[in-house]
Amino acid sequence: MEKDYTKYFKGPSLKEAKHRGKEEVKILKDEFVIPDTMKNIGAGKTYYIKTYGCQANERDSETMRGILESMGYQETKEMDQADVVLLNTCAIRENAELKVFGKIGDLKRIKRDRPDMIFGMCGCMAQEEEVIARLLQKHPHTDLIFGTHNIHRLPELLHEAMMSKEMVIEVWSKEGDIVENVPASRENPLKAWVNIMYGCDKFCTYCIVPYTRGKERSRLPKDILHEVEELKASGYKEITLLGQNVNSYGKDFKDAYSFADLMRDVAKTGIDRIRFTTSHPWDFTDEMIDVIAKYENIMPFVHLPVQSGNDEVLKLMGRKYNAASYKALFDKIKAKIPHVSVSTDIIVGFPNETAEQFEDTLKMVEYCQYDNAYTFIYSPRAGTPAAKMEDNIDLKVKEERLQRLNETVNRYSLAQNKKYLGQIVKVLVEGYSKKGNDMLMGYTDTQKLVNFSGDPKYIGEIVEVEITDAKTWSLNGKICE
Ligand code: SAH
Ligand code: SF4
Ligand code: F3S
């Protein structure tokens, strides 16, 4: 029998989170308020946020930074010294959760020395009742827990946490509305994440995201375009349109307006570089391909997660495409978008995946010759359908498969990068390279990392770089002057 922890707290419920109702999504414009008592509470104080997981979390952390800074807090990079510490967590795989629990352990010591510090836990793990139960039982030094749907309530929640001796828990499992007009303090002065939609309705059988992020809902085009115009006016060179599955953008609108329409309108703002992630292979339309190909400021880079190359596994995963239809889409993208690069995500060791089924995944990698692939061992997530599937494959076998897969993936990444040797490519210069020696770094339109020599006066500009060396993960070059 599944344990029912809900009697302990006003917290999340994965069961409730599964529900998809017909209620109209509300766009809330005036929901964010800072109570008078909290307006200057952060003066002379500091905050520290640690972010795990995907770009959705990165962007959410920028919202939390914005909120905390509008209450007077300043950022510190020293967790030990901060007055407010927030862990923005990821629940996608077990090892993501283990990292967070490690950090929560470290915070026990810090809280002992500095009991006035407020420690809050938020993000996708906060949406899981088992996690909350564990915090209640084993980590009572946690002051505050909030989820992915009520970030805008941070000022009130912080106030409650400061006043209360008990752990403050506010997690909403309901499907969620769209809250506009919440401040953000962005990490990068050149590249910005722009949410275009929230949630996911795909319910791939292995995945926790539809439960932690709620139902799919799209921001209004005018709100997105306004944000892009503002970013452009304040000097941003690149934006990434964010959604768990951007192809579904606009499906919840009454009037027809698709992701292709949105990309076209965003392109017309004239911002230098537009990226988007993630696009599910299922409903990637021809119109999307045509728009990406047509506009110079839409970058020729597509992240197209395949997950597996085997039809039976894809069916069990609930991905709703097969190897043949994926390849047909892949070929169309390659044929229509000049010099496009394609990356992917792959899971090995899905429950009872056979050696033959795994070979099909290797064949898929050989067919597509991806520029880059993120590879994972399947991790059962409580509450998802796949977690209930029988699985007799040893972890050792899964690890061997991952290693073989990575060798194949890396071979093709290197081969794709070698094609750039001697070419002149456009790079947005982001800053100094980690390689040192006054080297600069940036990315090509095709999302290749380039380390190159050149004058730092070019930081913030898009320049031409000649590629002189190609490695598996990056390119080297020199600026063309
Ligand atoms: N919305 C994106 C994926 C977001 S999660 C998409 O559908 O493309 C990023 C990646 O994590 C997924 O593509 C998948 O490869 C991996 N992943 C998700 N759940 C997982 C699990 N339970 N075990 C292992 N990998 C998982
Ligand atoms: Fe998860 Fe599938 Fe949704 Fe991606 S599309 S977030 S893998 S359920
Ligand atoms: Fe992780 Fe949540 Fe993103 S589970 S991958 S942070 S949507």
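Gln369 is found in the loop between helix H12 (355-368) and strand E16 (372-377). Here helices (H or I, at least four residues) and strands (E, at least two) are DSSP runs, numbered from the N terminus. Although Gln369 is not a glycine, it has a positive phi of about 45°. Most residues other than glycine have a negative phi, and most peptide bonds are trans.

The model is predicted: local features need pLDDT of at least 70, side-chain atom pairs count only at pLDDT 80 or more, and totals for chains, interfaces and linings use all residues. Residues are numbered from 1 along each chain as its sequence is written, chains are lettered from A and ligands numbered from 1 in the order in which they are written, and side-chain values use heavy atoms, with hydrogens and water left out.

**The cis peptide bond at Thr278**

A cis peptide bond, with omega about 0°, joins Thr277 and Thr278. Thr278 lies in the loop between strand E13 (273-277) and H9. Thr278 and Asn245 are 33 residues apart along the chain, and their C-alpha atoms are separated by 5.2 Å. Leaving aside neighbours within four places in sequence, Thr278 is in contact (heavy atoms within 4.5 Å) with Gly243, Gln244, Asn245, Val246, Asn247, His303 and Pro305.

**Helix pairs**

Axes are lines fitted to C-alpha atoms, for helices over the stretch in contact, and angles run from 0 to 180 degrees between N-to-C directions.

| Helix pair | Axis distance | Angle |
|---|---|---|
| H3 (residues 94-113) and H4 (residues 129-138) | within 13 Å | roughly 25° |
| H8 (residues 259-268) and H9 (residues 286-294) | 8 Å | about 15° |
| H11 (residues 323-336) and H12 | within 11 Å | roughly 15° |

Angles under 35 degrees count as roughly parallel, over 145 as roughly antiparallel, 65 to 115 as roughly perpendicular and the rest as oblique. H11 is therefore roughly parallel to H12. Likewise, H3 and H4 are roughly parallel to each other.

A crossing is left-handed if the near helix is turned anticlockwise from the far one by less than a right angle, and right-handed if clockwise. The crossing of H3 and H4 is right-handed. On the H3 side, the contact is made by Glu97, Phe101, Ile104 and Lys108, and on the H4 side by Val131, Arg134, Leu135 and Lys138. These residues divide into four nonpolar, no polar and four charged. In this classification, Ala, Val, Leu, Ile, Met, Phe, Trp, Tyr, Cys and Pro count as nonpolar, Asp, Glu, Lys and Arg as charged, and the others, Gly among them, as polar.

H8 and H9 cross in a left-handed manner. In H8, Phe259, Ala260, Asp261, Met263 and Arg264 meet Glu287, Met288, Val291 and Ile292 of H9. The contact of H8 with H9 has six nonpolar, no polar and three charged residues.

H11 passes H12 in a right-handed crossing. Ala323, Tyr326, Lys327, Phe330 and Asp331 of H11 make the contact with Met364, Tyr367 and Cys368 of H12. By class, there are six nonpolar, no polar and two charged residues in this contact.

**Domains and ligands**

The domain assignment of the protein chain gives domain 1 (6-170), domain 2 (178-418) and domain 3 (424-479); such bounds come from an automatic or database domain assignment. The centres of domain 1 and domain 3, taken over C-alpha atoms, are separated by 37 Å.

A residue is near a molecule or strand if one of its heavy atoms lies within 4 Å of it. Around ligand 3 are Cys54, Asn57, Cys90, Ala91, Ile92, Cys124, Val209, Arg213 and Gln244. This shell has six nonpolar, two polar and one charged residues. Why does ligand 3 lie between domain 1 and domain 2? Both domains give residues to the shell around ligand 3, so it lies between them.

Ligand 2 is surrounded by Cys200, Lys202, Phe203, Cys204, Tyr206, Cys207, Val209, Pro210, Gln244, His280 and Arg319. By class, the shell around ligand 2 has seven nonpolar, two polar and two charged residues.
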